[in-house]
Amino acid sequence: MKKGIKKVLIANRGEIAVRVIRACHDMGIHTVAVYSDADRDSLHVLYADEAICIGKAKSTESYLKIPNILAACEITGADAIHPGYGFLSESAQFASICESCGVNFIGPHHTTISQLGDKSQAKNIAKKAKCPVIPGSDGVVSSAEEGLKVAEKIGYPVFIKASAGGGGKGIRIAQSKDEFVRLFSAARHEAQSCFGNPDIYLEKMIVNPRHIEIQVLGDQQGHYIHLGERDCSIQRRRQKLIEETPSPALNSSLRKKMGEAAVSVCRAAKYYSACTVEFLLDDHNNFYFMEANTRVQVEHTITEEATGVDIVREQLRIAMGEPLQYKQDDISYTSHVFEFRINAEDPANQFRPSPGHLEYYIPSGGKDIRVDSGCYAGYTIPPHYDSMIAKLIVKGKDRNEAIQRSLRALREFHIGGVKSTIPFHQYMLKDDVFLSGKFTIEYIDSLIDEGCNFTLETEELPELAHV
């Protein structure tokens with residue numbers, strides 16, 4: 001293998017750590033798991049060839065502690081790091097330190113992460129690539145007075161966004177001039193507090209859009225392909241809950257245009273590895289660049305199932321300097337795939353977190369069912385990290401078949417001891433708007449505001465009393 005990666009340290013936890021470990025083992029690469037005190041009994045620790053504790057439960061004292069992770073590399077002799085998603089995965093500083101230490105960072109070059117991680121710089125790259133962008137400020141806005149001029153020009157409502165933000169954080173919506181002044185100051189304060197960077201930029205708010213993202217792969221030789229789209233419009237407070245591919249909103253012509261636009265952004269950024277370019281799609285089929293995520297996405301699974309391309313394996317190959325083994329004409333889409341995020345949350349109670357002991361955990365199975373998880377019966381879900389229990393991925397020959405198979409798979413999935421979002425997913429698969437495919441990113445929030453508790457009243461859902 002080029003560049004001879006022999007041992008990969010996975011600087012992450014949970015289901016994505018398990019996913020990367022499996023890809024490495026499939027390629028004959030040894031793995032190192034790192035874990036906090038709270039994750040000593042986690043599945044990724046069991047599956048890896050080696051495991052080393054890197055600190056206390058708090059992520060700032062473990063999974064975000066760069067010296068501890070690099071020390072684990074040195075102790076174990078790992079010559080590469082896969083950052084997964086979240087934590088340090090989009091840290092240009094971390095990637096740079098890895099590069100300077102001779103550790104192969106499985107992702108793009110740190111300068112690319114820095115450019116695309118700054119939302120205003122990323123927007124400028126998209127403009128240069130002739131990719132449609134949302135009307136807004138030309139880069140960072142330094143004062144409320146300057147911002148007011150931009151807001152008046154593009155029109156309200158206006159997004160006030162942190163340049164270093166992500167994951168739905170660092171965003172305010174100003175509906176008027178009076179709101180703008182107050183929210184601009186609050187947004188700068190939150191940006192500094194959450195991201196260590198007070199820079200703010202403005203965007204026109206696209207009313208009731210869909211959230212469509214394109215998966216791109218690029219190698220170090222400058223070759224690029226896209227793997228189609230993912231529709232991530234079913235989300236609560238900008239946190240994704242259900243993803244699907246293909247999108248019910250796209251036709252072949254629009255899909256081609258969005259794919260080419262995503263590739264053009266990655267080419268302009270001289271990107272290599274896996275990248276996700278995110279767009280907003282309005283009700284007139286106009287799409288606008290939103291951001292580019294410089295890491296593997298939670299929902300990469302549905303693209304893998306739809307195309308047959310192992311995205312994590314490709315990340316590893318690209319990091320070793322190998323060229324893409326696919327051309328665009330090799331990529332085809334012959335199925336419909338959903339991903340359901342099964343979180344330890346109570347959908348009937350404002351999605352309140354529900355960490356705790358898994359008394360039982362029986363995932364569904366059968367034809368075209370995939371479950372990615374870092375959990376097992378008897379495992380205790382810690383309160384320190386995200387609440388994901390599992391990702392349920394379901395494939396069918398078309399959307400209708402995938403929905404019917406999903407209903408069966410969710411009915412089979414039994415979790416005891418904690419609340420989960422399974423009832424939410426079951427509710428959505430009976431919902432007329434979801435079934436029609438004509439929903440936007442505002443839909444779930446509108447149901448919550450109406451007091452919906454996402455409980456099926458027409459059907460008694462099975463529950464295991466004793467396991």
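Buried residues have under 20% relative accessible area, exposed ones over 50%, and partly exposed ones lie in between (1.4 Å probe, protein chains only). The model is predicted, and local features need pLDDT of at least 70, side-chain atom pairs pLDDT 80 or more, while totals for chains, interfaces and linings use all residues. Residues are numbered from 1 along each chain as its sequence is written, and side-chain values use heavy atoms, without hydrogens and water.

View 1. Helices (H or I, at least four residues) and strands (E, at least two) are DSSP runs numbered from the N terminus.

**View 2. What follows helix H4.** After H4 comes Gly-102, with a positive phi near 75°.

**View 3. Helix H5 (residues 110-117) against helix H6 (residues 119-128).** Their axes, lines fitted to C-alpha atoms over the stretch in contact, with angles from 0 to 180 degrees between N-to-C directions, come within 5 Å and cross at roughly 95°. Contact (heavy atoms within 4.5 Å) is made by Gln-115, Leu-116 and Gly-117 of H5 and by Lys-119, Gln-121, Ala-122 and Ile-125 of H6.

**View 4. The protein as a setting for the close-ups.** The protein has 15 helices and 22 strands. Of its 467 residues, 59% count as buried.
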